[in-house]
Structures are given as structure tokens and as C-alpha cells.
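Visitor: Please show me the structure, and then let us discuss how its parts are arranged.

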Amino acid sequence: MNAPTTRRLTVAQALVEFLAHQYTERDGRRHRLISACWGIFGHGNVAGIGQALLESGDALPYLQGRNEQAMVHAAVGYARQCDRLSAQAVTTSIGPGATNLVTGAALATVNRLPVLLLPGDVFATRSADPVLQQLEVPSAGDVSVNDALRPVSRYFDRVTRPEALIPAALQAVRVLADPVDTGAVTLALPQDVQAEAYDWPEEFFADRVWRVARPAPDAGALAEAVHAIRGARRPLLIAGGGVHHSEAEEALRAFADATGIPVASTQAGKGSLRHDHPADVGGIGHTGTATADALAREADLVIGVGTRYTDFTTASSTLFAAPGVRFVNLNIAPFDAHKLGAASLVADARAGLEALTGALSGHRVAAAYEAGYRAAKEEWERRVDAAYGAADDSVRPSQTQVLGALDGIVDDTDVIINAAGSLPGDLHKLWRARSRRQYHLEYGYSCMGYEIPAAIGVRLAAPDRPVWALVGDGTYLMNPTEIVTAVQEGVNITVVIVQNHGYASIGGLSEATGGERFGTAYRFRAGDGTYTGAPLPVDLAANAASLGMDVLRAATVGELRAALLKARGANRPTCVYVETETADTVPGAPDAQAWWDVPVAETATRPAAVAAREAYDRHAAGRRRHL
């Protein structure tokens, strides 16, 4: 009997070889599970994973980053654009290189997006103890800083022996390919183990396909959901990110066409229907449209598809106000399907919507209900036009007019990326999404600094699509470093810097909660500790230029339109810089259409805080627990 064939490789070499042979498959289409590996090298990975990536050549391409958190953001942007069917890895040194992954890992896991993290770790043999950057815990010798990644990872393992890599690697890719359990996956790799050789069975390196199934709904649960929908007079469907991940947009359109049920969307679900579809009523919740939120308040049945019902979606449990409102939740994750006391339909979004459409054959909402929400949608569109418009091209644009100028030049192929600040609220209310992946808002973790690296990841996944990273000045200052990566790699993205000299979103929230915009402006500090009205002489456009971007400055609405058009046609990374008008006399986005619970001081001496607490108590009285 022949002995099993083996190959002698280091642990790092074996892992890289293994990853190069992993695939996902859905609907008969195969994808590389791990398409590339981002890395910043130091002790802990330079002689292990670094050497293995060098040796592997094109088998697992290497991408160079500048900031560990940003590398994770880029990988997450890539995975989202690929509908979670393809992902990327990120490798770092031990110590601060590893702990810099934590924020990115949390973002990936909160948003259910796959990324493989490969941080170096301290010596498994303890031959060098403590090693440079090692955290010593007197009560636990087996703890390292990498343990900070445990609570933000969907799967975590530390590979302390070569043979332990086989089960750890298999479990890691299982989670990465699982549409329910996916998120950040961490394999902590002690630096001595990475370099250790082992005789690996050849079967470990064979092509392996992880099939991403489309589970259909249970017949009994489907019948219950159909009964609830047929009995509803004012149903509303909420489309979440799961619609996009499942590529269920056409199934949703067919459902809306057949039933006339209006469709609102979360930040992650926006674009599930085109903005001009008659049933699309826009964003839902605190940053939603008046149309969608009015429907939500009166709905007797809410159909959640691929949503996890964050507090922005539910207006902190105050939005769904009808006395007898009930919920039907279609979600591939049982954890989310059972929220709000719903009748749960645990299934793939596309399979579930197709089943519902078939079972509801002949059913349609009342004509008066349909006519009512369509009229409200038309009224909201007039408000969007007013927010986007400018008196003339010679004025300084407001933030909403920046969006209006961009809206005027994009088509179905463009991708708009944002994550934090005041822009997400304006975009959710106003943006007219033209295609399924045009609207890319990271609002599960709402992480400042996500936009630029995510734009790189999206462009790598979709090299023929124009990609725009919309960033405020506060966000830009958090994480501009990957501009260098875009320039170095020739990744053609456009960064739009919206300069309003402070934290506009938190400033508004501070004012609404009695904080009087304390600590939210970028101003000179006077000798008495107050801040003067003069903005800081910080030139973010010059900074972007110094990092290698072509920069176009726009001072007026007319100049902005010209700059955006030129940037869209550019063949290298380009920045459009615009200072926005913030005066109260300039039309902006409509106010929030629903509440958001941010607790206000129960006792205070300043009148603004006292008044804010009174308003808080009024809103909080409307909270409901749906059981």
C-alpha cells in the first residue's frame, strides 16, 4: 500500500498554498474565496507570511497598505462589492500592528462581511519571552494582545503547532463562506510556528469548493407569512443588506410589481429597488424619508427582508406605532428572523421572496393605499429637488448641493461610498440609487476613515466602475493614508472632500441634546479657553496633493460640477475639494423624520440641557417593545 503523498513546507507557506485553492460557488458560478492578501510587515510576519507570499507569486497576490485598520476596510469594501462570495486576507506584525486590526474586525463582524485576519503572535515556544511588543499578563501566560480580537471575530484560533493549522484553516474558511456566520475570522500565528516546517498531506492543498446554498423557507412558516400578508391592509416591506448579499433585487422587484407593497430601505439595503420604481419609498427610520416613515407609523404589517433592525431603522423602537402592528421577517439568520416577535421565515432572501411572490399570486394592496404612497413619494421627490438645487452657479454649495451636483453626472455604473458624519443622513434621505451596488454606506459600525480604503477595495473588485469616496473634513483627518496606496497601485478612485470645518453631525446632535456644540468645531483656542470664529488654516486639498493625488478645487456650484465631471473622466486617483456653505439661510436636507435615542442629562443647570431633557422624555414615552 502506497504511503500518503506529503509536501514539506513551513506553516506560513502551507497556509498561503491552502488559501490559494479555496473557492465559493453559488448558482453555478465559482469565485476565489481569498483573492489577495494585504500586508504590512514587521517582526511576527515578515519572515513567515511575508516570505510565503513572496514565494507564492501570483498564486496569492500581495497588496501593500499603510495602516492596518485601513487594510481591513479595503478588504471589507471588496467583499461587499463581491456579494460576500470573495474576500481578502490581511496580515500584520505582532503588537500594535495586530491591535490596529480590532476596529476593522468589529466593522466586518457587525456588518456580516468576511475578512481573514492573520496577525503575528508571540513565540509559542516561549524561547524569547518577553519578545518586543509582547503584553505580559502575570495571571495568564497564554494571553497576547491578539486576544483583543476574540470578541470582534466570528471565529478565532491561535495556531501553536504546525499540525493544528489543518483544522483551524478549515474552520476559518467555513465561517468566511457561511452567509449566516460570516464576519472577521482571525488566525493568530506565533512567529516561530510560522517558520516551522511540517510534512503536509497533499489533500490539504487540493481545490476545495464551499457551496453557498439558497435555503428555501419552511412550508408551514411560508403559509403563516402569506396568511399575514393577505390579511394586512397597510403592509410595508423593509429591505436590508441581505437583499444585496443574496442578489435578490430582481426577486424583490417582482414581489413589489405583483403585490404593490411599498418598499423602504435601510442604509445597507438602499438600492434594492431603483429610486424610480413606483414602490420604492426611500430610506426608513431616523434618517429616512417622510414617505417611508409615515407608512411605517401606520403599517399593520412590517415585512423585514435581510435586515437586523438597528435603532436607526426602528427609530429606537418608536417608529412602528400602529396598535396591532405585527412583523414577518425573512432572513437567512435565525437570530435576526425572530426579532420583534415576528413570524419568522428563515431562508435565503431570493428564495424566500420568490416563494412569497408565488404563494401570493393574485393578491395586491388596495388601489387607494398604492395611490397614497405614490403621491407621497412624488411630494418627497420635490423636496429632494429643492435640497439639490442652487439659486445660481456662482454661489458656494451647501452639502446637499454637493450631492445634487454629483447626482447630475453619475450613471448606473458609479459607486458612492460613505460611512460617518452628516453625509449618511443626507444620502439616505436624498440619494437616488440607480443600481444594486451604487449606494455603499457602511452604517453598521459607522466608522470614520472607512471611505478611502473601502473605495480601493471596491475598485479592485469592480475595476470598470467609477468609485467615489465622500468624506467630510473630520473623517479625512482620521485616515487619509491609503491615498498613497491608491497612487502606488494605480487604483483610480475619486475622493470628494467636503470641508465644513468641524464635526457637523455630532455638532447637530450636541445641540439637540443640550451640549451646545461643545468640542465639535475646528477653531482657534483663545487664552480664556473659548474658541474664536476663525477656522484653522488647515489645507486638506494640499495634503491630498502631497500624498500624490491630482486635486481639483471648487469654490462655487458651477466649478464643482466641472470638477466632478473632470474627475469622473480622470485616469488616475483624483481629489475634488469643496468648502460648503453652512449658513442657516441655505436650504439643506429635510430634518429627521423620526427620533433617535441618545440619553440626555436628567439633571442640569444650563437651559439648553434642561429643554433637551424635556424633549427627550416626550419622545421616550413612545417606545414600544414588540413581543
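Visitor: In what order do the 3 strands of the open sheet lie?

Guide: This is a predicted model, in which local features need pLDDT of at least 70, side-chain atom pairs count only at pLDDT 80 or more, and totals for chains, interfaces and linings use all residues. Residues are numbered from 1 along each chain as its sequence is written, and side-chain values use heavy atoms, with hydrogens and water left out. Strands (E, at least two residues) and helices (H or I, at least four) are DSSP runs numbered from the N terminus, and two strands pair if DSSP finds at least two bridges between them. The pairing in this open sheet is mixed, and the order is β3-β2-β11.

Visitor: Which strands are the edge strands?

Guide: An edge strand here pairs on one side only. That applies to β3 (29-32) and β11 (208-211).

Visitor: Which residue is the bridge partner of Y23 in β11?

Guide: Strand β2 (residues 22-26) runs parallel to β11, joined by 4 bridges. In β11, Y23 has as its bridge partner V209.

Visitor: How are helices α16 and α17 oriented to each other?

Guide: Axes are lines fitted to C-alpha atoms, for helices over the stretch in contact, and angles run from 0 to 180 degrees between N-to-C directions. Helix α16 (residues 399-407) packs against helix α17 (residues 423-430) at about 50 degrees, with axes 10 Å apart. Angles under 35 degrees count as roughly parallel, over 145 as roughly antiparallel, 65 to 115 as roughly perpendicular and the rest as oblique. The two helices, α16 and α17, are therefore oblique.
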